[in-house]
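Thanks, everyone. I have one model to go through, and I will keep to a few local features.

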Amino acid sequence: MGKKRDRRVTPSSSEGGEQRVELADSASSNRRLAIISVLFFVVAPAISVLVYRIKYATTTNPTDSYVFQRGLVKAIVDFQEILAENSKVSENTSHRHYTYPVLAYITPWNSKGYEIAKRFNSKFTHLSPVWYDLKSQGTSLILEGRHNADVGWISELRRSGDAWVLPRVVLEAFPAEVLTRKKQRDKAIKLIVTECKDMGYDGIVLEAWSRWAAYGILHDPEMRNSALQFIKQLGHALHSLSSARNDKQQLQLVFVIGPPHSDKLQKHDFGPEDLQSLSNAVDGFSLMTYDFSSPQNPGPNAPLKWIHSTLQLILRPTGNSAQGPAHKIFLGINFYGNDFVLAGGLGGGAITGRDYLSLLEKHRPLLQWEKNSGEHLFFYLNDDNIKHAVFYPSLLSISMRLEEARSWGCGISIWEIGQGLDYFFDLL
């Protein structure tokens, strides 16, 4: 028997009429649900990102910066030019070319960073001096580092600029103590919050995820959940307080995260689900997109393609959620380099701008542009005739990473400003 091709219901069928009404009501309801879902999961986040991008949209062309005007941002560059030009900067040190948030780290063991922070104060929105460690002491907890705090320096910063001061706190305490025992967890949060109040900080940068990974606790679903809950509790505790200098501004929490170790997320990696879970409690995520290579595997510091794929992985949509909150990412940019030993045994390590300039003066090398990684490098032979490879940031490499961050609507985080060359800051 053949199938009927016309499946319409005749108007005279009351049962069919009721069926049409029910189907119509159901379809209408489904449409409403679909519209609500689109509004909630797609449109609302898109609008918030758009507002953010409009707020921080650049009003000047980055190529208007002093180093671009002088024709210094280029692939073909020689050592004489770097030696001659690196200390020359625009007289207008307050004008910003990178208008998304900029977080700058400063370390006590590199005093130049303190001077750079004051000199280019207006280039930064967040300054994070590396001062504190939260440690286990017997059965208790202590927050070490106040002896590093420079109150006079903070006062100078605030007289000349608006950057928020968020000291870094490294959570070195035993995870089993802090994450599983409520009393210890509450004590850890109280120590941090009290220090912010006593010292007049605007919040903190917390480094903990890499420590937890080293302890191996992130492979355990319960411990991983406890870690996320700790961060949320700390964020809410900080948000419950206002900044001492602006009662309309909550204390902030920036959380340090490392890049995934492969295209497929491992259990200990910080992934897009973690980003979504913490987005309400955390004001920013300092993403460490550097240290790609090591003395055991010499190469570029932070290949541009790797940075791009890391952002894609971290910010990919999850479930019903839209793309991750790119505006909360501080994309890591290194202002240090590496001097790797290529022969006669592995070795070498990080170098500062001062080290880099000394190598240029001594060896007068030929600089090469490595297109695949987007980095400059050079080779030299040391006094023992052992070959070295030096990867150090250049104006072009930094500019390309700023453009990558700008294309996502990300902020940036710089490790660390005392290790860079002066004219790097003309790009910001």
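I start with a helix pair. On the helix 7 side, the residues in contact are Arg 185, Asp 186, Ala 188, Ile 189, Ile 192, Val 193 and Cys 196, and they meet Phe 230, Gln 233, Leu 234, Ala 237 and Leu 238 of helix 9. Sorted by class, that contact comprises nine nonpolar residues, one polar and two charged. Keep in mind that this is a predicted model.

As for the geometry, helix 7 covers residues 182–199 and helix 9 covers residues 221–239; their axes come within 10 Å and cross at roughly 35°. The crossing of the two is right-handed.

Next, a charged residue. Glu 404 sits in helix 13, residues 395–408. What is the nearest side chain of opposite charge to Glu 404, and how far away is it? It is Arg 401, at 9.0 Å. Glu 404 is buried and has no salt bridge. If we set aside neighbours within four places in sequence, Glu 404 is in contact with Leu 304, Ile 307, His 308 and Leu 311.

Asp 291 belongs to the loop between strand 10 (284–287) and helix 11 (304–314). Arg 364 lies in the loop that runs between helix 12 (353–363) and strand 14 (368–370). Is Arg 364 buried or exposed? Its relative accessibility is 55%, and the cut-off for exposed is over 50%, so Arg 364 counts as exposed.

Methods
Residues numbered from 1 in each chain as written. Predicted model: local features only at pLDDT ≥ 70, side-chain atom pairs only at ≥ 80, totals over all residues. Heavy atoms only, no water. Helix = DSSP H or I, 4+ residues; strand = E, 2+ residues; numbered from the N terminus. Buried < 20%, exposed > 50% of the residue type's maximum accessible area, 1.4 Å probe, protein only. Lys, Arg positive; Asp, Glu negative; His and termini not counted. Salt bridge = Lys/Arg side-chain N within 4 Å of Asp/Glu carboxyl O. Contact = heavy atoms within 4.5 Å. Axes fitted to C-alpha atoms, helices over the stretch in contact; angles between N-to-C directions. Left-handed = near helix turned anticlockwise from the far one by under 90°. Nonpolar A, V, L, I, M, F, W, Y, C, P; charged D, E, K, R; others polar.
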